[in-house]
Amino acid sequence: MGDPDLGRGRSLASPAFESDDGHADALLRGALEQGAVPLTADIARDLPLELLMGARLLVAVVATAGEVNESGADKNSHMSVVSMISPSGERGLLAFTGLDSMALWDPSARPVPIWGPDAARAAIGDGATAIVIDVLGPNRHVVSGQRLDFLAKG
């Protein structure tokens, strides 16, 4: 083995999604298939929202051109998290339950695994008012308003 003093006792954190193979959680997908339970006075009883509390979602990241040279080729680019804007001007962060649903939207997008509450905080922090889950299916679901705030609080 290597030198035990090399890291001076420090180590890298274990990955949160170490054995993740990109498949959607069957329980979450099944709940989303049935549709969102209407918002009630006790929003903690909303089954899909409860499942999203402990769910791994995939946030789409794509390459965005920064500058182009005279020939039109990229001089530089950066990676961007993707959101969409509704006809009313509201922005929603795109998230996916699995690689299959992300590939339906954009096969070249790179998945970044994230917990449901972290996705909600990222959406709010980026000025979005919603998370749009599986935008092209198999079952689109939108988390917004009080439900987004509740999810962000974890």
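## Overall composition

Of the protein's 154 residues, 34% count as buried, meaning under 20% relative accessible area with a 1.4 Å probe and protein chains only, while exposed means over 50% and partly exposed lies in between. The model is predicted, so local features need pLDDT of at least 70 and side-chain atom pairs count only at pLDDT 80 or more, whereas totals for chains, interfaces and linings use all residues. Residues are numbered from 1 along each chain as its sequence is written, and side-chain values use heavy atoms, with hydrogens and water left out.

The protein has 5 helices and 7 strands, taken as DSSP runs (helices H or I, at least four residues; strands E, at least two) numbered from the N terminus. Their order along the sequence is α-α-β-β-β-β-α-β-α-β-β-α. Among contacts (heavy atoms within 4.5 Å) with a separation of 6 or more, 63% are between residues 24 or more positions apart.

## Nonpolar cores

A nonpolar core is a set of buried Ala, Val, Leu, Ile, Met, Phe, Trp, Tyr and Cys residues joined through side-chain atoms within 4.5 Å. The largest core has 22 residues, of which Leu 28, Leu 52, Leu 57, Ile 131, Ile 133, Val 143 and Leu 151 touch the most other members. At least two residues of this core come from each of H1 (26-34), H2 (47-53), E1 (56-68), E4 (91-96), H4, E6 (130-133) and H5. A second, separate core has 10 residues, including Leu 58, Val 62, Ala 109 and Val 135.

Leaving aside residues up to four places away in sequence, Leu 57 touches Leu 28, Leu 52, Ala 95, Phe 96, Thr 97, Val 112, Pro 113, Ile 114, Gly 116, Ala 119 and Ile 133.

## Packing of H4 and H5

The axes of H4 (residues 116-125) and H5 (residues 145-153) come within 7 Å and cross at roughly 120 degrees. H4 is therefore oblique to H5; angles under 35 degrees count as roughly parallel, over 145 as roughly antiparallel, 65 to 115 as roughly perpendicular and the rest as oblique. Axes are lines fitted to C-alpha atoms, for helices over the stretch in contact, and angles run from 0 to 180 degrees between N-to-C directions.

H4 contributes Gly 116, Pro 117, Ala 120, Arg 121 and Ile 124 to the contact, and H5 contributes Leu 148, Asp 149, Leu 151, Ala 152 and Lys 153.

## Leu 27

Leu 27 lies in helix H1 and is exposed, with a relative accessible area of 58%. Leu 27 and Ala 55 are 28 residues apart in sequence, with a C-alpha to C-alpha distance of 9.8 Å.
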